[in-house]
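Welcome, and thanks for taking a look at this model with us. Please open the sequence and the coordinates side by side before reading on.

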Amino acid sequence: MSVPPGQSPTSPGPSDPKAVNRARFELELEFIQALANPYYLHSLAQQNIFEQPAFVNYLKYLLYWKEKDYARFLHYPQALHHLELLQHPQFRADMKKDEFLRDYLQQKQFDHWRTWRDPKYTNPSDSSPIEEESADKQVPVT
C-alpha cells in the first residue's frame, strides 16, 4: 500500500470528507481553547500575529464557536470571552504593549475559578448565616 507524498499513513485522505472535517474541528477547538490563556494571547500579540489581516479575519470566522452546538465542546468557556475581546483592534493593540492587561485577565480568571462554586459568591443577595441570626434578634428602639 503506497501513501501519497506529503501525507502520513494515519492522516485522513482528501477523499474522506468526514475525517477531514473532524480534523479541522479538533484543530479549531484546540486553538479556541488556547485563547483562554492570557499568556498565549500576549505571546501572539508580541509576535505581531494580531496585526495580520488574514488572522483577524480568521478570528471573525471563529465566532461561530459561540453557538450552543459548538460551545458545548469547550472546557474553558472564558476562551469565548477572549475571542470576543480579540474582535476589537484596541484590545489587540493593548495586549501587545501592556503586560498589566495580561496579568489582569489572568487574575480575573483565577478569581472566577476560585469562587464560581461558592454559594456566597454566586448569589450575593442571599444573606449570610451571621446576618440571619442578627436579623432574628429584636433590637430595642430608644
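**Overall fold.** This is a predicted model. Its secondary structure comes to nine helices and zero strands, so that reading along the sequence gives the pattern α-α-α-α-α-α-α-α-α. The protein has 142 residues, and 25% of them count as buried. If we take the contacts between residues at least 6 apart in sequence, 62% join residues at least 24 apart.

**Helix α1.** Buried in α1 are Glu28, Leu29, Phe31, Ile32 and Gln33. The cover over these buried residues includes α2 (38-46), α3 (53-61) and α5 (78-85).

**How α1 meets α3.** Two packed helices are described by the angle between their axes and the distance between the axes. For α1 and α3, the axes come within 12 Å and cross at roughly 100°. Because angles of 65 to 115 degrees count as roughly perpendicular, α1 is roughly perpendicular to α3. The table lists the residues that make the contact.

| Helix | Residues in the contact |
|---|---|
| α1 | Arg24, Glu28 and Phe31 |
| α3 | Phe55, Tyr58, Leu59 and Tyr61 |

By class, the residues of this contact divide into five nonpolar, no polar and two charged. Glu28 and Phe31 of α1 take part in the contact, and both are also among the buried residues of the helix.

**The nonpolar core.** Which residues touch the most other members of the largest nonpolar core? In this set of 22 residues they are Ile32, Leu35, Phe50, Leu59 and Trp65. The elements giving two or more residues to the core are α1, α2, α3, α5 and α6 (89-97).

Leu35 deserves a look of its own. Leaving aside neighbours within four places in sequence, leucine 35 is in contact with Tyr40, Leu41, Leu59, Ala79, His82, Leu83 and Leu86. One of these partners, Leu59, also belongs to the contact of α3 with α1.

**A loop residue with positive phi.** Most residues other than glycine have a negative phi. Asparagine 48, in the loop between α2 and α3, has a positive phi near 60°. Is asparagine 48 buried, exposed or partly exposed? Its relative accessibility is 30%, so asparagine 48 counts as partly exposed.

Definitions and conventions
Residues numbered from 1 in each chain as written. Predicted model: local features only at pLDDT ≥ 70, side-chain atom pairs only at ≥ 80, totals over all residues. Heavy atoms only, no water. Buried < 20%, exposed > 50% of the residue type's maximum accessible area, 1.4 Å probe, protein only. Helix = DSSP H or I, 4+ residues; strand = E, 2+ residues; numbered from the N terminus. Contact = heavy atoms within 4.5 Å. Core = buried A, V, L, I, M, F, W, Y, C linked by side-chain atoms within 4.5 Å. Axes fitted to C-alpha atoms, helices over the stretch in contact; angles between N-to-C directions. Parallel < 35°, antiparallel > 145°, perpendicular 65-115°, else oblique. Nonpolar A, V, L, I, M, F, W, Y, C, P; charged D, E, K, R; others polar.
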